[in-house]
Every structure is written in C-alpha cells, then in structure tokens.
Amino acid sequence: VGKTTCSCLLAVQLAKVRQSVLIISTDPAHNISDAFDQKFSKVPTAVKGYTNLFAMEIDPNLGMAELPDDYFEDTDPMSVGRGMMQELLGAFPGIDEAMSYAEVMRLVKTMDFACVVFDTAPTGHTLRLLTFPSVVEKGLGKLLKIKNQFSPIITQMSSFLGVGNISADELTGKLEETLPIIRQVNEQFRNADHTTFVCVCIAEFLSMYETERLIQELTKNSIDTHNVVVNQLLYPEAHGADGKACKMCTVRCKLQTKYLDQIEDLYEDFNVTKLPLLDHEVRGSQQINDFSKFIISPYIASEDVLP
C-alpha cells in the first residue's frame, strides 16, 4: 500500500523543521534503500542531499543470535553460554525478538535524534511488535521471580560441565538490565506527546478493514493514532478520441469514492491525507522530496504537475 514511501515522505518533511531526523526500517524486506535509491545498513547513514536526515535498516526478528558481542564478553562466564542463554529465552514467547528490539531502542537513545520515524513491517508483524513490551515485561518478571529456585541447580550444572561458577544472577544479569529498557519502550509507546502512529491504506475493502483492525488494536494498547494516509488514488485526466475517460479509470474512481466516503465517516476525528497514484515510481531523494509536499498540501489533479 506504500508504507515505505509514505514513511520517507514524512521523514523528508520532518527534516525541514527538525534539527535531525532518523528513519528506521523494521521491515525485513527493507525498502528504504530502494525508495531513496541508496544502500543503507544497520548503521545510520546520511541520505543523499540532506545533512540532517539519516536512515538505517534493522531486523527486529534477529533475536539473541545477532545481539552485540558485549552481551557475551570474554571475561564473562556467559561467553561460553550463548547457546544456554538462547535456550533459556526460547521458553518465553517474544523475549528473543524483544531483546533485539530493545537493543535498537538503546542505540536510538544514544544517537540523540530530534525525531525518529519507524517504517514498520506489515500489520500483523507491527501488532506483534507493539505488544512485545507488555508481553516481555511479564515474561521477564516471571523469569526473575523464579531465578532463586534454580540457582542451586545452575551452580551444580556449571561445576559439572567445568565452565566455572555460574550463578543465576550472572545468567539473568543482562535480562535485568533489559527490563527497564523494555518498560521505557512500553511507556514511550503510550505517551502521546512522544509517539504517534500513522496508518497507511488504499481505498479498497480489505485494506480499509485491516486499517480498522490496526486502529482498534492501537487504541486498545493506549497508543496514539489520529492520522490516516489513503494512498494510490486515481485521478483520471486522459480522455480517448471520443472525449470520454477510459472505462477502467471511471470504474476504479467510483470504487475509490465509495470507500473514501466510508473512511471519511469512520475517521471523522482523524486527519485523512490523500495521495495520488502516479504513472511512475517515486525513487531517489529528489522525487521523494517533490512528492512529499502532498503530505502537507492536498493534491489537486488539475493544478499539480509532477516531474
């Protein structure tokens, strides 16, 4: 439906009014590089043509296997226990992915950007990501509560395996450090002054239904959302030899008008932004910059000419 393009448009407009902006892709497909026509990695990289806009691509589903090595320092008994830690975390749904996500949030906080735009994965993955903080907080809380019960067993096993004296405190130390970050992420999601969610859809039934489901879940999780972008709208202008618009364009416009009316009624308290379907791809910094003006000012087919 154009989530990545809309994220890039928003980031470009924010870069004009904020000191520094970071756009992060949490979608394993990673389309930010394609949108800006520039290769990005897990390290923030300046977008061509901008001095205050940066982009990075990360996969929040990598889990413990891809956590930084400082989680398993050589001087730490855990340096021989990566597999043990992975098995331990595997018993708690969502913790594995949330550890990686929490590390991303830790990284973002140290960078001190004025604004961060997340280009999220499709709806199902996004809903799961949004519920991670509360799920993980409960899981970690339970794990830390029972650690004392397993402490003698862990000590005996470490001696038997000859890996030194590993205590339950050492095993759960990193988890205890992560719990406050998870709680902070949870609070930040629910703080309307810091976080808002922009929904992107197209004027079709399935997309509209999915958007409504997403908004209901966001509301249930106390996450602010009051913006909907309706993308890929058709504005027929070309006429045939008989002076009539093409039949398919006319039918599609009627269909879109029907669902646009429903969106307007359903989200009367929302800010609904309408973006046109173009006859070319929006790729590269210049095209994204040109197209981004329609996030701010409505597109009028008879007046606006895109390069």
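Buried, in what follows, means under 20% relative accessible area, exposed means over 50%, and partly exposed covers what falls in between, with a 1.4 Å probe and protein chains only. The areas themselves come from the Shrake-Rupley method with a 1.4 Å probe, and for residues only the protein chains shown count as cover. The structure is a predicted model, in which local features need pLDDT of at least 70 and side-chain atom pairs count only at pLDDT 80 or more, while totals for chains, interfaces and linings use all residues. Residues are numbered from 1 along each chain as its sequence is written, and side-chain values use heavy atoms, with hydrogens and water left out.

Helices (H or I, at least four residues) and strands (E, at least two) are DSSP runs numbered from the N terminus, and two strands pair if DSSP finds at least two bridges between them. On that basis, 4 strands make up an open sheet with mixed pairing, in the order β2-β3-β1-β4. The edges are taken by β2 (45–46) and β4 (115–119); each has a single partner strand, so one side of each is left without a neighbour in the sheet. As a general point, strands of a sheet pair through backbone hydrogen bonds, either parallel or antiparallel.

Both kinds of pairing involve β3. With strand β1 (residues 21–25), strand β3 (residues 53–57) pairs in the parallel sense over 5 bridges. Along this pairing, Val 21 sits opposite Leu 53, and Leu 22 sits opposite Phe 54. With β2, on the other hand, β3 runs antiparallel, and 2 bridges join the two strands. Here Phe 54 turns up again, this time as the bridge partner of Ala 46. As for cover, β3 is mostly tucked away, since 4 of its 5 residues are buried.

Between β2 and β3 there is a hairpin with 6 residues between the strands, and in it Gly 49 takes a positive phi near 95°. Val 47 also belongs to the loop between β2 and β3. Its relative accessible area is 1%, so Val 47 is buried.

Next come the charged pairs. Counting a salt bridge as a side-chain nitrogen of Lys or Arg within 4 Å of a carboxyl oxygen of Asp or Glu, the structure holds 4 of them. One of these joins the side chains of Glu 204 and Arg 252, at 2.7 Å from N to O. Glu 204 is in the loop between β5 (198–202) and α7 (205–220) and Arg 252 is in helix α8, so this pair ties together parts that are 48 residues apart in sequence. Both ends are partly exposed, Glu 204 with a relative accessible area of 30% and Arg 252 with 29%.

Another salt bridge links Lys 274 and Glu 264, at 3.2 Å from N to O. Lys 274 is in strand β7 and Glu 264 in helix α8, so here the parts tied together are 10 residues apart in sequence. Lys 274 is partly exposed at 31%, and Glu 264 is partly exposed at 31%.

Lys 220 counts as exposed, at 60% relative accessibility, whereas Glu 217, at 24%, counts as partly exposed.

Patches are made of residues with over 30% relative accessible area and no salt bridge, with like charges joined within 9 Å and nonpolar side chains (Val, Leu, Ile, Met, Phe, Trp, Tyr) within 5 Å. Asp 261, Asp 265, Glu 268 and Asp 269 gather in one such surface patch, of negative charge. Asp 265 belongs to helix α8 (residues 247–266) and, at 61% relative accessibility, counts as exposed. Asp 269 is found in the loop between α8 and β7 (271–276), and is exposed as well, with a relative accessible area of 69%. The C-alpha atoms of Asp 269 and Asn 227 are separated by 9.3 Å, while the two residues are 42 residues apart along the chain.

Methods:
Lys, Arg positive; Asp, Glu negative; His and termini not counted. Charge placed at Lys NZ, Arg CZ, Asp CG, Glu CD.
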